[in-house]
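Hi,

Here is the structure I promised to pass on. Have a look at it first, and then read my notes below.

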Amino acid sequence: MKSLDTTDHRILVELQQRADLSMQELGDRVGLSHTPCWRRVKRLEERGLITRRVALLDAASLDLAVNVFVNVNLKRHQENALNRFEEAVQDVPEIVECYTVSGETDFMLRVVVADVGAYERLLKATLVHLPEVGNLTSTFALRQVKYTTALPL
């Protein structure tokens, strides 16, 4: 970890749980007044340790309860082919995560959709047409056992 002191560490832990805390509330939780707390948060942002603060939504309540993990193999592995694929996935809102991975697969995607039919439509209309795609393998999550965005500090 990029040389964090105890207070910085506590700030990060608190913000992972409640990004909507006011500076006063956050300061109270970590033992600082408003201004020193604000300065530390700004410094953590400038150092790239805090990249953004967001609201987490309940996917099931928004009728987006289906998670599909898609293994993607590309036709070619030249740098421009990889870059074209990586750029294209940025424009597909249903793709909420994309990783380059080791092993037999080139990329792993997490796709969130309303139902199996929505995934089939996305697959046929978009995913198979992404640049350089050679093969796709889809795995449907049956139930989410654990989900967190909090990093293990």
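A quick definition to begin with: helices (H or I, at least four residues) and strands (E, at least two) are DSSP runs, numbered from the N terminus. Residues are numbered from 1 along each chain as its sequence is written, and side-chain values use heavy atoms, with hydrogens and water left out. Please keep in mind that this is a predicted model, where local features need pLDDT of at least 70 and side-chain atom pairs count only at pLDDT 80 or more, while totals for chains, interfaces and linings use all residues.

**Arg 53**

Arg 53 sits in the loop between helix H3 (34–46) and strand S1 (66–74). With a relative accessible area of 35%, Arg 53 is partly exposed, because buried means under 20% relative accessible area, exposed over 50%, and partly exposed in between (1.4 Å probe, protein chains only). Not counting residues up to four places away in sequence, Arg 53 touches Ala 19, Met 23, Val 41 and Glu 45; contact here means heavy atoms within 4.5 Å. The side chains of Arg 53 and Glu 45 are also joined by a polar contact of 2.5 Å. (That term is for a pair of N or O atoms within 3.5 Å; within protein, one must be able to donate a hydrogen and the other to accept it, and residues adjacent in sequence count only if both atoms are side-chain atoms.) Then there is Asp 20: it is 33 residues from Arg 53 in sequence, and the two are 8.0 Å apart in space, C-alpha to C-alpha.

**The whole chain**

Zooming out, the protein chain has 5 helices and 4 strands, and their pattern along the sequence is α-α-α-β-α-β-β-α-β. Its radius of gyration is 20 Å, well over the 15 Å that the globule rule gives for 153 residues, so the chain is more spread out than a compact globule. (The radius is taken over C-alpha atoms, and the rule is 2.2 Å times the number of residues to the power 0.38.) Along its principal axes, the C-alpha trace spans about 55 × 40 × 25 Å. Buried residues make up 30% of the 153 residues.

**Strands**

Two strands pair if DSSP finds at least two bridges between them. S1 and S3 pair in the antiparallel sense over 7 bridges, with Val 68 opposite Val 111 in S3. Strand S2 (residues 95–100) pairs with S3 in the antiparallel sense too, over 5 bridges, and Tyr 99 stands opposite Met 108 in S3. S2 and S3 form a hairpin with 6 residues between them, and Gly 103 in the turn has a positive phi of about 100 degrees. Is S3 enclosed or open? It is largely enclosed by the rest of the structure, since 6 of its 7 residues are buried.

**Cores**

A nonpolar core is a set of buried Ala, Val, Leu, Ile, Met, Phe, Trp, Tyr and Cys residues joined through side-chain atoms within 4.5 Å. The largest one has 21 residues, and those touching the most other members are Val 70, Val 72, Phe 85, Ile 95, Leu 109, Val 111 and Leu 130. S1 gives the most to this core, with 5 residues. A second, separate core of 12 residues includes Leu 15, Leu 21, Val 30 and Leu 44.

**Cysteines**

Cys 37 counts as buried, at 0% relative accessibility, whereas Cys 98 is partly exposed at 30%. How many disulfides are there? The count is 0, where a disulfide is a pair of cysteine sulfur atoms within 2.5 Å.

Cheers
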